[in-house]
Amino acid sequence: MTALELAAAGKQHPGSPPVTALRSVTLAIGDGEFAAIVGPSGSGKSTLLALAGTLERPTSGEVRIDGTAVGHLADHELAAVRAYRIGFVFQQFFLVPTLSAVENVATGLLYRGIAAAQRRDAAAAALTTVGLAHRMWHRPGEMSGGERQRTAIARALIGRPAIILADEPTGSLDTATGLGILALLSELNAAGSTILVATHNPEIARAVPRTIGLRDGAVESDTGRAA
């Protein structure tokens, strides 16, 4: 089964002249795959993830989630796809500094209409999964970079999404901590999650089963194809 698919998907930003961020990319990520998108800054990695995660709409071509084309969906329908099917991890963490780790993670269920107590229980379980049971009441300013990133991963996991998209998840971390995050993503993949990570980190590129190279908004290499 294919979890994510881009069919001749392109993205152009308006301007004089317009800026082409992605050029007619055709790509399939199989259910349960762990793949990395690699390439220099400005190659289109973040744009590809944004299209795959329905955060942006393509200006040409099509994006499919679990075989269903999502381009025709209304904004509220896309929000539901993101809430139930996709978990996002970003380099900058995007944690609320005034909230504890468990409160930050619980925000990942805000759009599901779940009671606050249930959200908190689910957040505690997600933090335990990423090894932060002992830090759940600490605020981001009281945590290390690796702990903040693991908190962000827990927030992505709380809804048990089938697909996890990670944009430079180790970019602001030291090498040892970054490798720890990679190991955690590998564990999640082994448990069944489909993972697509954008990175310029060669350690990640060497460690994952499949790497997709981008340059100037187009795919220039791919070490594997979805079945």
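Colleague: In the hairpin of E9 and E10, which residue takes a positive phi?

Modeller: Asp 216 does, near 50 degrees, and that hairpin has two residues between its strands. Before we go on: this is a predicted model, so local features need pLDDT of at least 70, side-chain atom pairs count only at pLDDT 80 or more, and totals for chains, interfaces and linings use all residues. Residues are numbered from 1 along each chain as its sequence is written, and side-chain values use heavy atoms, with hydrogens and water left out.

Colleague: What is the strand order of the open sheet of six strands?

Modeller: Read across, the order is E6-E7-E8-E3-E9-E10, and the pairing is mixed. From one strand to the next, the twist averages 20 degrees. That angle runs on a scale from 0 to 180 degrees between N-to-C directions, with axes as lines fitted to C-alpha atoms, for helices over the stretch in contact.

Colleague: How many bridges join E3 to E9?

Modeller: Four, between E3 (residues 34-38) and E9 (residues 210-215), and these two strands run parallel. For a landmark, find Val 38, whose bridge partner in E9 is Gly 213.

Colleague: Which strands does helix H6 touch when it packs on that sheet?

Modeller: Contact means heavy atoms within 4.5 Å. H6 (residues 175-190) touches E3, E7 (163-167) and E8 (194-199), and its direction makes about 140 degrees with that of E3.

Colleague: Now the open sheet of four strands: what is its order?

Modeller: E2-E1-E4-E5, with antiparallel pairing. E2 and E5 (68-69) are the edge strands, each with a single partner strand, so one side of each lacks a neighbour in the sheet. E1 (residues 2-13) is joined to E2 (residues 19-30) by eight bridges, with Glu 5 partnered by Ala 28, and a hairpin of five residues links the two strands. E1 also pairs with E4 (residues 60-65) over five bridges, again antiparallel. On that side, look for Leu 6 with Val 63 and Gly 10 with Ser 60.

Colleague: Which helix lies across E1, E2 and E4?

Modeller: H1, running at about 120 degrees to E1. Buried means under 20% relative accessible area, exposed over 50%, and partly exposed in between (1.4 Å probe, protein chains only). After H1 comes Thr 54, with a positive phi near 60 degrees.

Colleague: How many residues does the largest nonpolar core have?

Modeller: A nonpolar core is a set of buried Ala, Val, Leu, Ile, Met, Phe, Trp, Tyr and Cys residues joined through side-chain atoms within 4.5 Å. The largest has 36 residues, and those with the most contacts inside it include Phe 34, Val 130 and Leu 188. H6 gives the most to this core, with five residues. Val 130 touches Arg 150, Ile 153, Ala 154, Leu 157 and Leu 184, not counting residues up to four places away in sequence. Another core, apart from that one, has 28 residues, including Ala 9, Ile 29, Ile 86 and Leu 196.

Colleague: What does the radius of gyration of the chain come to?

Modeller: The radius is taken over C-alpha atoms, and the globule rule is 2.2 Å times the number of residues to the power 0.38. For 227 residues a compact globule would be near 17 Å, and the chain agrees because its value is 17 Å. Buried residues make up 47% of the chain.

How values were computed:
Two strands pair if DSSP finds at least two bridges between them.
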